Amino acid sequence: MDISKADDLELKPTQERHEAAATEKNEHLQIDPALEKRVRRKIDRYLVPLVMGLYLVAFLDRSNIGNAETAGMSKDLRFDDAHYQWLLTIFYIPYIIFEWAALMWKAVPPHIWATCCVLVWGLASTLQATAFNWSGLMACRWFLAMAEAGFGPGVPYLLSFFYKRHELGLRCGIFLSAAPLATTFAGALAYGITSGHPAHIANWRLLFIVEGIPSVLLAIVAFTRMPDSADTAWFLTEEEKQVAKIRAIQQTGSEGAARVGHINFKDVFMSLRDIKTWIPPLMYFSCNVSFSSLPVFLPAILQNMGFTAINAQGLSAPPYFLSFMVCILTTWIADRTGQRGFMIIGLSLVAGVGYILLVACKSVAVRYFGVFLAAAGVFPAIANILPWTVNNQGSDSKRGAGIALLNIIGQCGPLLGTRVFPASDGPYYIKGMGVCAGFMFFNAILALTLRTYLAWENKKFEKNDEAMRQAGTDPRASEVGLENEGYGFRNFL
């Protein structure tokens, strides 16, 4: 899909009217539409593939523990299922502790921050291959999680420095679609590694090496190619950088480079007093119960359906490729319609039905179909929750606080998700599937609640704008940008 062309499609009339009204106050900041499209397309070409590629290898390094277990890791290192469960859980303890690091995208030049994160998790992932006991694996998983916590959760926040609100969702969807795409590759790559080669090195050790080294090499790419802001990006001409500056002023009232290097703590605390900052973390928690467990346990689930270990690795790939496609499609639709809440509700119901099929049915074909539904619902739901959070916060610091809180609370979900699939519950894992189904239905209720609140708040914004018009106030006199809750600001529903 040409994502730049997608932005040229007509916005829904209500959103278009609000954007046009808000832009009126910046009439002196004129941009040639063709030139703006060229700038946006260049950012799409250089930034989005970069962060997507980095997140892909990050998710690959995070979730390949399940494939390593299927390839005989616990047997070689002589630890039981309880110890394996702790290998999964330990990842999310530092991941939660260091979630505040999402704000570092604003406090530190992004190219430096990205390089540090990628290098540390790449080394930690690769060194798992050298572990000779359970304790060594635990140490590697800790540092892997610590570094990944500083990168992926804050990328939607980083993208908000480069894109306007109605452009953001699709780019977040493309970025987050790397998670199911990585899981697709994890299954296919593990299938290749664990079949048909001489056993000079244990299959699971080779898996960690093959999937860890690319992250170390990509740290160099991150340092040399990650832009710090749109108006200082190395790939833009001087004319295009001026356009990027104007886009940033239209967004927030300040140039892009001025948005990095400091945090407004007053805005942070204001954000924490707003109920719309707290509901998305509960939604993220609900989705993460399933999001964390499905990639890790799916090979074992398929193996318990009667497939061999090698075939289970291969069959785990197709559901995630479908999820990858749905992530991109649903975020694009939500951007075009401005209806992200209804999208999340629908995706949550699809995932819930998938888990119900996995609980209630014994047929292998029906249960495998349930895996498709679960994967196609869970990952895309998260791909829409993250931009929804960024869309509806009124300043850079508020957006940073919203993303940080989203992840601090939301990443507690995996602590539950990785503990509800003990090997003793196989082959049907009724408890784990039931818990995941319940949380996905709960997520649909939360999305409906939040959408209702946002619609009510939009009516307040409309009344405030009308009062300004009645009082004869010139909206163009305001220094507040549209996306900082300036004139014409409306929540994405």
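Biologist: Which residues are linked in a network of salt bridges?
Modeller: E36, R40, K164, E167 and R247. A salt bridge here is a side-chain nitrogen of Lys or Arg within 4 Å of a carboxyl oxygen of Asp or Glu. This is a predicted model, where local features need pLDDT of at least 70 and side-chain atom pairs count only at pLDDT 80 or more, while totals for chains, interfaces and linings use all residues. Residues are numbered from 1 along each chain as its sequence is written, and side-chain values use heavy atoms, with hydrogens and water left out.

Biologist: How many salt bridges does the count come to?
Modeller: The count comes to 13.

Biologist: Are K164 and E36 buried or exposed?
Modeller: Both are buried. Buried means under 20% relative accessible area, exposed over 50%, and partly exposed in between, with a 1.4 Å probe and protein chains only.

Biologist: And R247, which residue does it form a salt bridge with?
Modeller: E167, with the closest N and O atoms 2.8 Å apart. R247 lies in helix α13 (residues 238–252) and E167 in helix α10, so the pair ties together parts that are 80 residues apart in sequence. R247 and E167 are buried.

Biologist: Switching to R62. Why does it count as buried?
Modeller: Because its relative accessibility is 5%. R62 is found in helix α3 (residues 33–70).

Biologist: What do the side chains of R62 and E148 form?
Modeller: A salt bridge, the closest N and O atoms being 3.2 Å apart. E148 is in helix α8 (residues 134–149), 86 residues from R62, and E148 is buried as well. A polar contact of 3.1 Å also joins the side chains of R62 and Y95. A polar contact is a pair of N or O atoms within 3.5 Å; within protein, one must be able to donate a hydrogen and the other to accept it, and residues adjacent in sequence count only if both atoms are side-chain atoms.

Biologist: What else does R62 touch?
Modeller: Not counting residues up to four places away in sequence, R62 touches residues including Y55, F91, Y92 and F291. Contact means heavy atoms within 4.5 Å.

Biologist: Which residues have the most contacts inside the largest nonpolar core?
Modeller: Y55, W121, F151, L159, M283 and Y355, in a core of 116 residues. Helix α3 gives the most to this core, with 15 residues. A second, separate core of 17 residues includes A68, L77, L137 and I193. A nonpolar core is a set of buried Ala, Val, Leu, Ile, Met, Phe, Trp, Tyr and Cys residues joined through side-chain atoms within 4.5 Å.

Biologist: How many helices and strands are there in the chain?
Modeller: 22 helices and 0 strands. Of the 493 residues, 59% count as buried.

Methods. Helices (H or I, at least four residues) and strands (E, at least two) are DSSP runs, numbered from the N terminus.
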